[in-house]
Amino acid sequence: MTGPPSSGMDGHLGDRLSGLLDGELGGAQADEARRHLAVCPSCARELQAVGEARSWLRHLPPVDPPAGFRERLLAADPTLAERPRGAAVVPLKGRRAAVATVAGLAAAAAAVLGLFPAPDPPAEPEVTRLVEAHATAGQGTDPLSRLVPVGVPVSFGR
Amino acid sequence: MKPLVAGTALTLLTAAWSPAMAQSADDPLVQARRAARDHSFTGQVEVLWRDAAGDHVATVDVRSANGSLVVSGTNTVMDARDRARFLRRREGGWDLLWSATSSSAANPPSSSKYRTVETGAATVAARPARVLEVREGTVLRQRLALDTLTNLVLRREHLGARGEVQRVVSFTALKIPDEPSVPAPPTASEDRAGRAITAVAPPFSAPPTLREGYERVGLYEEGGIVQALYNDGLYDLSVFQQRGRLNRGDVPASGQPVSLGGRRAWAYNWPGGHVLLWHAAGTVYAMVSDAPMEHLLLAADSLPAAGRSLSLGERLRRICRSLVTL
């Protein structure tokens, strides 16, 4: 291998990128990772991509779980209810994998749905009908002023 | 152009300004609404309006008794006593366009935005009338002639921002019958009335308020089209939304292109006001109102999806949100 100094089994930082972003690496490990990043464009690109994906996820608004989610979860694994609140139930590495999976799904969905959205179907609003619906629903003016214009049909052209 | 210019003749009969009237049961606009319900009458009403093709005049017959009103022109419209509203087209058959069960919230008071003052007297359809002007700040929006005896609106002029008369609805003949015949509502009709709903799901939106002081007073859905009804104390304003996109070739031909926050929109005139049509974020919007066009443009600009397309970041955020909620 002739690449830059490595810190992982394949010569790159791998999971340590997340550790670096989370501030979980010790001082020496963090310094080593930064030195590697300075000379390894591949890891530098991956660090940037992981950072952006985490930033997108971090800016998501809070979402409540769907109704019945907790009940279904407990039905699937009743031991969850016995575990102390806040206890880590997923190993750190697994959690990173989960984040990476969601980020990957988001990126894939973005590529398929967001960046290349299917065109909306064409719509031809029936303006005359909308005008009639408006005039008959309104309450603001006296009924005479409101309804008299509807007695005069108008074509908006097509 | 002549009829609209003639409409300004009322100004010749105006007198000095009087203090603004308080908004209450004494409010002449409230009195006029009540009079149209409470009094029996028959007559002819002339409608004047202008659009891109020029000025137009049409005459319709009106008949009201026992709280039911019928307008007979090329279309026939009926406001039944139970507040159901029907429309009979030229080809026959009645459509129910407004159900008696579809309620709406109370309108905001007109006094919060408009000032109504009595400015003089006039004669309309051979009946004595008092002339009122409705101003928004310093801008004269409407000039009305109310029947002195009944408070019926004998004439209503809508004015543009420069004081020009844009639309007029005016009695040319009016009779108060001794024994009015009560219009009978249709025995059969096709139900095209929207059902009242309490909320809309994205991509539709119906904010409780829009710019220019418009408050939402009703929310309805019919055939995949959502209607949010707003009022500012004087004007009604509807925002219709449906999924899809506008192809330029499918836009009604009489529209005038306008800019809405940098987005192309189309403006139309009709005998009862204006229409604004545009497309944003997968939704086609149609705004219909008797308000001035500048109100429509400002109100439209305050809708969440108006005037901007989704950024890449916004798209990603929505996609991630949908993934999390799976």
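Analyst: Happy to! Let's begin with a pair of facing residues: Val71(B) sits opposite Val77(B), the latter in strand 4 of chain B. This is a predicted model, so please read everything here as computed. The two strands around that pair are strand 3 (residues 68-72) and strand 4 (residues 76-79) of chain B, which pair in the antiparallel sense over four bridges. As a reminder, strands of a sheet pair through backbone hydrogen bonds, either parallel or antiparallel.

Stepping back, the sheet they belong to is open and has 12 strands, in the order 7-8-9-10-11-1-2-3-4-5-6-12 in chain B, with mixed pairing. Its edges are strand 7 (115-124) and strand 12 (190-191) of chain B; each has a single partner strand, so one side of each is left without a neighbour in the sheet. The other chain comes in here too: helix 6 (residues 127-137) of chain A packs on the sheet, where it touches strand 5 (85-88) and strand 6 (94-98) of chain B.

Leu97(B) counts as buried because 26 other C-beta atoms lie within 10 Å, and the cut-off for buried is 20 or more. Leaving aside neighbours within four places in sequence, its contacts include Glu132(A), Ala133(A) and Thr136(A) from chain A, and Arg85(B), Phe86(B) and Leu87(B) from chain B. Arg192(B) and Ala193(B) are also among its contacts. The C-alpha atoms of Leu97(B) and Asp191(B) are separated by 6.9 Å, although the two residues are 94 apart along the chain.

Now to the helix on the other side of that contact. Chain A has seven helices and zero strands, and 25% of its 158 residues are buried. Helix 6 of chain A is mostly covered, with nine of its 11 residues buried. Among them are Val127(A), Leu130(A) and Val131(A), along with Glu132(A), Ala133(A) and Thr136(A).

In soluble globular proteins, nonpolar side chains tend to be buried together. Here the largest nonpolar core has 97 residues, and Val275(B), Ala286(B) and Met287(B) have the most contacts inside it. Helix 6 of chain A gives the most to this core, with six residues. A second, separate core has eight residues, including Leu13(A), Leu17(A), Leu20(A) and Leu37(A).

Definitions and conventions: Residues numbered from 1 in each chain as written. Chains lettered and ligands numbered in written order. Predicted model: local features only at pLDDT ≥ 70, side-chain atom pairs only at ≥ 80, totals over all residues. Pairing = 2+ DSSP bridges. Contact = placed C-beta atoms within 7 Å. Axes fitted to C-alpha atoms, helices over the stretch in contact; angles between N-to-C directions. Buried ≥ 20, exposed ≤ 12 C-beta atoms within 10 Å, placed from the backbone. Core = buried A, V, L, I, M, F, W, Y, C linked by C-beta atoms within 7 Å.
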